Every structure is written in C-alpha cells, then in structure tokens.
Amino acid sequence: MNEIDRTESVVAGVAKFVPPAQAAPSGSEEASHTLRIEPSTGWVSLRLRELWEYRELLFFLVWRDIKVRYKQTALGAAWAIIQPFFTMIVFSLFFGRLAKVPSDGIPYPVFSYAALVPWTFFANGLSESSNSLVSSSNLIKKIYFPRLTIPIATVLAGAVDFVIAFAVLILMMFYYGITPTLNTLWLPLFVLLAFIASLGTGLWLSAMNVKFRDVRYVVPFIVQFWMFATPIAYPSSLLSEPWRTIYGLNPMVGVVEGFRWALLGTETRPQGVVALSAAAALLILVGGAFYFRRMEKMFADVV
Amino acid sequence: MRNDLAIQVESLGKRYRIGAKQEPYGTLRDTLARTATAPYRALRSTLRRRGNREAVSGSNEIWALKGVSFEVRRGEAVGVIGRNGAGKSTLLKTLSRITEPTTGYADINGRVGSLLEVGTGFHPELTGRENIFLNGAILGMKRAEILRKFDEIVSFAEVEKFIDTPIKYYSSGMYLRLAFSVAAHLEPEILLVDEVLAVGDMAFQKKCMGKMEDVTAEGRTVLFVSHNLGAIKELCRTSVVLKDGVVGFHGPVVDGVAYYTRNAQADEGAEARAASRGTRWTSMSINGVDAALSSAINSIEPFTVEAGLEVAEEFVEARFKCRVDDASGNTLIYHVEHDRERERPGLALGTHHVRVDFPPLWLVPGIYTLFFKLTGRTEEGDERRYTSERVLLNVTGKLNGNGRAIISPPLKWSLSHEDLKRKS
C-alpha cells in the first residue's frame, strides 16, 4: 500500500464504523494499526500528517470563528475596514500632513493603507491566536485533536477581514489612479509571508500563554512596538544600506515592502529584504511549532 | 500486542503536581517569587513535617494513576468504577490522548471516540444545524458522515422545529438532547464514555441508556466510567475498580461492584471512626447476617436491618432516619422514626441497637443502598448528625419493572363489563 492509500484508509476509518468481523477482509492493515500512548520527552515530532487528517476540523473551526464574529458584532464586516481605514486617516493627518513623512512619491493615504492591510491581518492574527488556546480550554480538556489546529484556525479566520480590507485598497488605488503591474502576481507570496509571521509568533505566544497568563498583557505591547518597528507610517528608504536589508530581519518589513512594491510599484524589487524576512518568518514558525508541540503535553493539565 | 485485544494498558502512571492543581496557571511573577522564597519554604516544610504529616506527604505531587495495567478484548464492555479521585477520569483522559501519561504505556487497537462530556464545542450563537456540524467535526466525524446522519441526529434529539435557531434560545433539555444525539451517532471502534448519562431528566436518561445498550450490543469496545452502579451492571460484563490510582479489582462486573461497595463501606467506616472518636454507628446486619458479608434480599420477602450505635455523649433529643436509594441516587425511602419524634426522648450513653423491619418492598432486582442517620441535640443545644455506613442491598428475584419502574407491587386487576344491549 502506498502513502496515499494508507492515509485514505485512516480517514475513511474515522468516518465509518466497520464491525470487527467485516473489518478483516476490507483492510488487514487497519486491524494492525496500533496506537501507542506513552510519555514523550523533550522535542517531539510535529505530526503534520495527523494535522492533515484533521483538516475538516480545521475548516470547521475557521468557519465557526468567522460566523460567530460576524454574528456577535453589530457592525459585522465593517470592522474589517474600520480598523485599518481609520488608522490610515490618523496616519495621513499626523505623519503625512503635519510631520511631512516622505512616502516614496506615492500619495500618503494609499502608501500607509497598503501597509496597514497586511499589518492588521498580522497583528489581529497574532493577538487572537496567542489567546486562542486559553479560550478553547473547554475543548482542550475534553477531546483530543492536534492542538496546532486551534492557533492555525484563528489566524486563518482573519483572512476574511483581510480580503474585505484589501477590497478597499483596490478602490483606493483606483481613486488615486494607480494601475497595478504584473508584479501584483507576487502578492500571494507576501500574504503567505504575513500568515507565516503571524502564525509563527502566535504559536510561541499561545503556548506560553497557557503557562504564563502574563502573556495576555504583553501582547498589546508587542503589537505596538512591532508596529513602529515596521515601515508602515514611514518608508524604509529612510534607512541606508546595509541597514535597510538587515531591517528585513523583521518579517513584517518584507511583507510591507513586498505589498508596496507589488501593488504601488515603489522603486526596485526588494528581494534582499524579502528573502531575509522569509527566512526569519520560517525560523519563527518552525521554532514556534516545535516549542508548541513540546509544551502541548501540559496544555490539558494546566489550561 | 495480541490481535484480540482492543486496549492494553501497561503500568500506566500519571502524576500531577499539587501546586499546579491549586494554581491552575502561573504568572511570571509567581515563578520569580517562588524561586526567591524556595529556601524559606524548604525550611518551613521540614519543620512542618513533624506536626502535620498529611500536608507534606508525597511532597508536591500526587499520582492520579499508579502502575495501572489491564487489557480489554475487542467487543468487550468494561465498566470503570471508583470513588471520586480514584483516577477514573484521568484514566479516560489518558486513553483518549487528552493528557499524556507520566509512566508506562497504553496500546490502542482501533479508532477511538471519547465522550468526556456532551456538547463539547457547542457555540451558543450558532444554530442547531451549525452546531451539529461543528460538534461532529470536533468528535472526529467527517462532513460526509454528518450529512448522512443529519436527519437521524435531529429526530433523535427531537429538535426538528428549532434546528435553524441559535442554541442560546434552546431550553436546557433541548440543548442536552441535541448534544447527546450528536455524540450517540459517533461510531468508533472503541468508545470511551465518562458519566454522560448523569445528565438530563429521567426520560432522557432512559433514552441514553437505550442507546448505550445498542452500542454495546453492536459488539463495539466500550470503556464506561460511571458512579451509577446499576448502569454499569446493566451495560458491562467486566469491570475495573480503581482505588487511589491503582487497579483494585479487574473481573466480572458483579464481583467488581461487590468489591467496590465493600471497599467504599470500609473506607467510609474508617473515615467516620477517625472523624468522631465518640458517637458512631457500628456493625450493620441484614436478616441477622453481617451486611459486609452478604446483602442479598428477595424483593418479595420482608427483611430486617439492624445496626449498632455507640453513644458517647448524652443527647436530650434524638431522632433516627432510614434512607434507601437506588443506584442512580434517587431516594426511594426516607423514613423518620415517628413515635420518638412526637415524644422527642433523649438518648443515654452506651451501646444501642436499632432495628427496622421492612415489609416486602417489591423492588425491581438491582443494587440499592441503605443507611441510618441519627440527629441528636446535646444539652448545650448543639445539633449533631451521625450517618451510618451505606449498606448495599442486592435485591434479587423475578420482578421486572417493564424497563421503566423501580417498584412492581402485586397489583390486582379486574375488568368489569356492561353490555350496552342489555342496558337498553
């Protein structure tokens, strides 16, 4: 039996109860599938295949988060726009108009909003996922499933807000007469990068939050500092090389620069910054995933 | 692992830190403070060790499970019995992979579905329909499977009319029915169930029991944790009795239940003796036989329960009560000794014998419990209560309550008939 068949049989197995008597001819391999529950020590495998098997649960968790969010709030989807849009207005007023912060020759409102859209996705994903395990404690204590699904679902649920806020960005570009170029095709890559950065940080913080509830108070600070450490209100061209490239160690620098380059056509392709940001984001994600899995065994006991 | 086994548990142990239990989560400040005060606390606990052994014993950890080993064959229904804190839930949580064991291992042969509570993940804002899908996915069902069973789930829960209403508007009964219904349609090879039947009204519990019986009859492997000895006896043929985290008994369910009640009595007796050095209930007997040895009574015969009572303080007023409960905890009899109630006599020092003659109770065979209670008032006006051990009444006989009733007295039926034609 090859890999795919095996996975299929396990997946089908969850769905259908096969009486033992009939199980024997249909899949002898299934019968010999023994799961061993034992103490784990130190760093453990990520069990990505199991995570894949639980993709439907992941889907339902994302769906629930989205559904509940829009059901519970009076303004619903409008919030997805309000947050970045009003920040943009404030930025345009204070940084653009009063402080005369340069914006690489692009109208300041669209310059800052193009950065605020991925930033809001990142920041909301980060703060919501860091609290996700604690708020799902009733699930964690009562049922088994790969715990990684919880923060992943939380960050993914923010994608809807992102799409809505992005639609407004398109309108703004239209308003300011900015025509997108072929570079726009690179955009999904930068969205993915924002997702990786958000989830990676969220994994670290959510696992820590289970043990140290201080994290909840630390997160707003992190988000605030991170925002000013990211070229949202100002262009990274204020920095000179090599600092400008090193600045890419902050994964959100790559995302923001990427967004501006792909959509607004700011100067040359920021490949150095993006490569560094991608490496940093992946490092945070992989490290966060292993840290999360390592801490996972105490979640149900402590949360 | 042998092929005919579904679960094999081998010297499984689970340790909890008591510190972690008392403070469910730590803060950085606490961690820092703890590090700073560690030497002081070490000193204090050394000093305290002499005074209060209980507080320090086992330092800061408890073993909820200790070297637990047993096997469950395929298609076997096993009841897990034990007092609160015996480790039943920890065992189930470990086997369903919610928490990791500290030592040992368990091999599971087959897909596991665990029901530690019903309605896990239900969201009040979502409709019944949406919650069925969400809860089903959380329990491990596939979307296609939920779709297939959807109508069945809804009709079992009897919520057809409200299926598109957010469940925050549901009555608690509807909520529970829906929650159980989703859970009941989960079809794993191995089912781990924890006390889910302890919810809802009597009619709903009956329905749940019926569903559980179907599950066991279908030949699925079931591990069933409950305080309801009657339910355990009905559903399971084998039992595992946990006592302070170790397996006290593993074998046929009748023996397991007997072992458990005997132990519970001994424990309660010891506790009572430790608690009140003075007044206490002593031996209890049924039909003249020590209740700890045999407690079988026939449902259609009268019986006598006797108990000794040592009174170590003088009571100016004393009242006796006798209570009989069924296995689900429903009180069937709560009888106050009436003559004495009117006169309110006192109770002198020394040993007393209390004897209650029961008429035939016509109880449907099963497990019932009985105990005595003494409420006494001292001269100073303090009211004291002393409860005897719970005696197990193992009621035997041929009565049946037609699956519903608890008592089945011999009713006399008669039918009369008047012919309409003759009347006119």
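Guide: Before we look at this predicted model, one convention is needed: an angle over 145 degrees between two axes counts as roughly antiparallel.

Visitor: With that in hand, how are helix 7 of chain A and helix 12 of chain A oriented to each other?

Guide: Helix 7, residues 108-130 of chain A, packs against helix 12, residues 215-228 of chain A, with the axes 10 Å apart and at an angle of about 165°. That angle falls in the range over 145 degrees, and therefore helix 7 of chain A and helix 12 of chain A are, relative to each other, roughly antiparallel.

Visitor: Is the crossing of helix 7 of chain A and helix 12 of chain A left-handed or right-handed, and how do the residues of the contact divide?

Guide: The crossing of these two helices of chain A is right-handed. Helix 7 of chain A brings Trp119(A), Ala123(A), Leu126(A), Ser127(A) and Ser130(A) to the contact, while helix 12 of chain A brings Val215(A), Val219(A), Val223(A) and Met227(A). Sorted by kind, the residues of this contact are seven nonpolar, two polar and no charged.

Visitor: Turning to the two chains, which helix of chain A gives the most to the side that touches chain B?

Guide: Between the chains, 35 residues of chain A are in contact with 51 residues of chain B. On the side of chain A that touches chain B, at least two residues each come from helix 1 (3-15), strand 1, helix 5 (55-72), helix 9 (137-142) and helix 16 (299-302). This side holds 17 nonpolar, five polar and 13 charged residues. The element that gives the most to it, with eight residues, is helix 5 of chain A.

Visitor: What is the order of the open sheet of four strands, and which are the edge strands?

Guide: Within chain B, strand 4 (residues 103-109) also pairs with strand 1 (residues 5-17), in the antiparallel sense and over five bridges, and there Gly13(B) has Thr103(B) as its bridge partner. The open sheet, with antiparallel pairing, has the order 1(A)-4(B)-1(B)-2(B). Its neighbouring strands are turned against each other by 20° on average, direction ignored. Pairing on one side only, the edge strands are strand 1 (34-37) of chain A and strand 2 (61-73) of chain B.

Conventions:
Residues are numbered from 1 along each chain as its sequence is written. Chains are lettered from A and ligands numbered from 1 in the order in which they are written. This is a predicted model: local features need pLDDT of at least 70, side-chain atom pairs count only at pLDDT 80 or more; totals for chains, interfaces and linings use all residues. Two strands pair if DSSP finds at least two bridges between them. Axes are lines fitted to C-alpha atoms, for helices over the stretch in contact, and angles run from 0 to 180 degrees between N-to-C directions. Two residues are in contact if their C-beta atoms, placed from the backbone, lie within 7 Å. Ala, Val, Leu, Ile, Met, Phe, Trp, Tyr, Cys and Pro count as nonpolar, Asp, Glu, Lys and Arg as charged, and the others, Gly among them, as polar. Angles under 35 degrees count as roughly parallel, over 145 as roughly antiparallel, 65 to 115 as roughly perpendicular and the rest as oblique. A crossing is left-handed if the near helix is turned anticlockwise from the far one by less than a right angle, and right-handed if clockwise.
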